[in-house]
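Please keep the sequence and the 3D view open while reading.

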Amino acid sequence: MTGVGVGPARTRNWRLAGAVAILVATALAVALVQGWGQDGSRAKANQPAPTAAPIVLNGTDVAYLQLMIPMNDSALVFFSYLGTSEAATPALRDLAGRLAAIHRTEVGEMRSLLAAGNVPEENVHEGHQMPGMITELRLADLKQAPPAEFGARAVTLIREHLAQGAVVSRSEQVSGSNDRAKAVAAGLEKARNAELAELEALPATSGAG
């Protein structure tokens, strides 16, 4: 009686167990193929897009960015004018072009910081005669300058703008809280000091080039 009727039942059970195991293995293999790339990394399509947390800017950070952006923007208008003015020397026009490229990069960095902090860009100093701000009024005054005075006046505007940018950037590094904003300020201060040295080394700035 030991083998009668039991062998076939066990055989069927083993066959069923084998079939189930094959199905499970197949399902697992399909899941692995769909969910994992050939290099073993999770398929990008199955990953949620990362959401960057907004950075935190304190009042000094915001005030710095909202001052320096319009300062740079107004300077860019001035540099554009200098770059084509026949009253400026070739050396002054060349410097204006290089300063413009640097200022545009800085504006991009600062606008990116405001956006990352969910802070709207506002020109809170619009219409103000801020130190270092090359306003339309100051630019109009330069355009009316006698040719013999044009170069010296232009250099004075540039010097005041660069020096004030360095001072404000130094203050941000002391009182700001965000590391990215302070790093931008440190880079800007370093750039302004180098630009001031370059400005002082310019050859004669009066007369047409």
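## Terms and basis

Axes are lines fitted to C-alpha atoms, for helices over the stretch in contact, and the angles between N-to-C directions run from 0 to 180 degrees. Helices (H or I, at least four residues) and strands (E, at least two) are DSSP runs, numbered from the N terminus.

This is a predicted model, in which local features need pLDDT of at least 70 and side-chain atom pairs count only at pLDDT 80 or more, while totals for chains, interfaces and linings use all residues. Residues are numbered from 1 along each chain as its sequence is written, and side-chain values use heavy atoms, with hydrogens and water left out.

## Helices H2 and H4

Two packed helices are described by the angle between their axes and the distance between the axes. For helix H2 (residues 59–84) and helix H4 (residues 136–143), the axes come within 10 Å and cross at roughly 20 degrees. H2 is therefore roughly parallel to H4. Angles under 35 degrees count as roughly parallel, over 145 as roughly antiparallel, 65 to 115 as roughly perpendicular and the rest as oblique.

In the contact (heavy atoms within 4.5 Å), H2 supplies Val-77, Phe-78 and Tyr-81, and H4 supplies Leu-139, Leu-142 and Lys-143. These residues divide into 5 nonpolar, no polar and 1 charged. Here Ala, Val, Leu, Ile, Met, Phe, Trp, Tyr, Cys and Pro count as nonpolar, Asp, Glu, Lys and Arg as charged, and the others, Gly among them, as polar.

## Ser-74 in H2

Helix H2 also holds Ser-74. With a relative accessible area of 14%, Ser-74 is buried (buried means under 20%, exposed over 50%, partly exposed in between, with a 1.4 Å probe and protein chains only). Apart from neighbours within four places in sequence, Ser-74 is in contact with Met-133 and Ile-134.

## Helices H5 and H6

The axes of H5 and H6 come within 8 Å and cross at roughly 150 degrees, so H5 and H6 are roughly antiparallel to each other. Their crossing is left-handed. Among the residues that make the contact are Val-155, Ile-158 and Leu-162 of H5 and Ala-185, Leu-188 and Leu-196 of H6. By class, this contact has 11 nonpolar, 4 polar and 8 charged residues.

## Salt bridges

Side chains of opposite charge can pair when their charged atoms come close. A salt bridge is a side-chain nitrogen of Lys or Arg within 4 Å of a carboxyl oxygen of Asp or Glu. The model has 10 salt bridges by this rule.

Glu-106 and Arg-192 form one of them, at 2.6 Å from N to O. Glu-106 lies in helix H3 (residues 90–116) and Arg-192 in helix H6 (residues 179–200), so the pair ties together parts 86 residues apart in sequence. Glu-106 is buried at 7% relative accessibility, and Arg-192 is buried at 0%.

Arg-159 and Glu-200 meet in another salt bridge, at 2.8 Å from N to O. This pair links helix H5 (residues 147–175), which holds Arg-159, to helix H6, which holds Glu-200, 41 residues apart. Arg-159 is partly exposed at 32%, as is Glu-200 at 48%. Glu-189 and Arg-170 also form a salt bridge, at 2.7 Å, with Glu-189 in H6 and Arg-170 in H5, 19 residues apart. Glu-189 is buried at 14%, whereas Arg-170 is partly exposed at 39%.

Definitions and conventions:
Left-handed = near helix turned anticlockwise from the far one by under 90°.
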